[in-house]
Amino acid sequence: NFGAKLTVNSTGTAGTAGILNVAVPSIPTGTTLQVDSAIVNVSGTGNGGGDVVVNGGLLHVLGTSTGINTGVITVNGGTARVTGSVATSTGVTVNNTGTFEANSTQPVKNLTVNDGQARITTGVLKILTVGDNTSAGPLTISGGGKLDLNSNALVIDSNSIDASNTG
């Protein structure tokens, strides 16, 4: 259904998060997978232009996943942890107390951090590539937003970079 939403919440038992394991997510355009105080594990390659919203809990895109959706992933609270890939998504936006966590070398078409945090986990060297050579500004950090590389690498793949001194 257009405008449909699947919301995953806690189990109703205090201190116990609901868990949803998804092998092949299909999130059609106009729909939303919303994670609220739960754990959603995605293990397969998804399809569809719908959006993913994390308001709390954990969205874990596992190493066997090569993409969850082609829409936007928005993290308002909780964590979107990626050991697989979000390369097919339009981009990742982090707001409020949300965290985007790259646990593996990761391509992201657009990354916007408006408060909250995006980080690459420690350990073996990982590379976060932001952009796909189609936009002039694939990385935006504003407000109290933070990008923590943890001694890893960042590549910005832009079709135009303005290095002029405007101030």
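User: Where in the chain is confidence lowest, and where is it highest?

Analyst: Confidence is lowest in strand β1 (residues 5-8), with a mean of 66, and highest in strand β14 (residues 146-148), at 98. Where pLDDT is low, the predicted coordinates should not be read in detail.

User: What makes β7 and β9 a pair?

Analyst: Pairing calls for at least two bridges. Strand β7 (residues 72-75) and β9 have 4 bridges in the parallel sense, so they qualify as a pair. To find one spot on screen, look at Val72, which stands opposite Gly91 in β9.

User: How do you know that β8 and β11 pair with β9 too?

Analyst: Strand β8 (residues 79-82) pairs with β9 in the parallel sense over 4 bridges, and Ala80 has Phe100 in β9 as its bridge partner. Strand β11 (residues 111-120) runs parallel to β9 and is joined to it by 9 bridges. Here Ala102 stands opposite Ile120 in β11.

User: Which residues have the most contacts inside the largest nonpolar core?

Analyst: That core has 28 residues, and those with the most contacts inside it are Val52, Leu59, Ile68, Val86, Val92, Phe100 and Leu111.

User: What is Leu111 in contact with, leaving aside its neighbours within four places in sequence?

Analyst: Contact here means heavy atoms within 4.5 Å. On that basis, the partners of Leu111 are Val92, Phe100, Ala118, Leu128, Val130, Pro138, Leu139, Thr140 and Leu147.

User: Why are β10 and β15 called edge strands?

Analyst: Let's start with their sheet. It is an open sheet of 3 strands in the order β10-β12-β15, with parallel pairing. β10 (106-108) and β15 (153-156) each pair on one side only, which is what makes them the edge strands. Neighbouring strands of this sheet are turned by 15° against each other on average, direction ignored.

User: How do you know that β10 and β12 pair?

Analyst: They share 3 bridges in the parallel sense, and the requirement is at least two, so β10 and strand β12 (residues 127-130) meet it.

Methods
Residues are numbered from 1 along each chain as its sequence is written. This is a predicted model: local features need pLDDT of at least 70, side-chain atom pairs count only at pLDDT 80 or more; totals for chains, interfaces and linings use all residues. Side-chain values use heavy atoms; hydrogens and water are left out. Helices (H or I, at least four residues) and strands (E, at least two) are DSSP runs, numbered from the N terminus. A nonpolar core is a set of buried Ala, Val, Leu, Ile, Met, Phe, Trp, Tyr and Cys residues joined through side-chain atoms within 4.5 Å. Buried means under 20% relative accessible area, exposed over 50%, partly exposed in between (1.4 Å probe, protein chains only). pLDDT is the predictor's confidence in each residue, from 0 to 100. Axes are lines fitted to C-alpha atoms, for helices over the stretch in contact, and angles run from 0 to 180 degrees between N-to-C directions.
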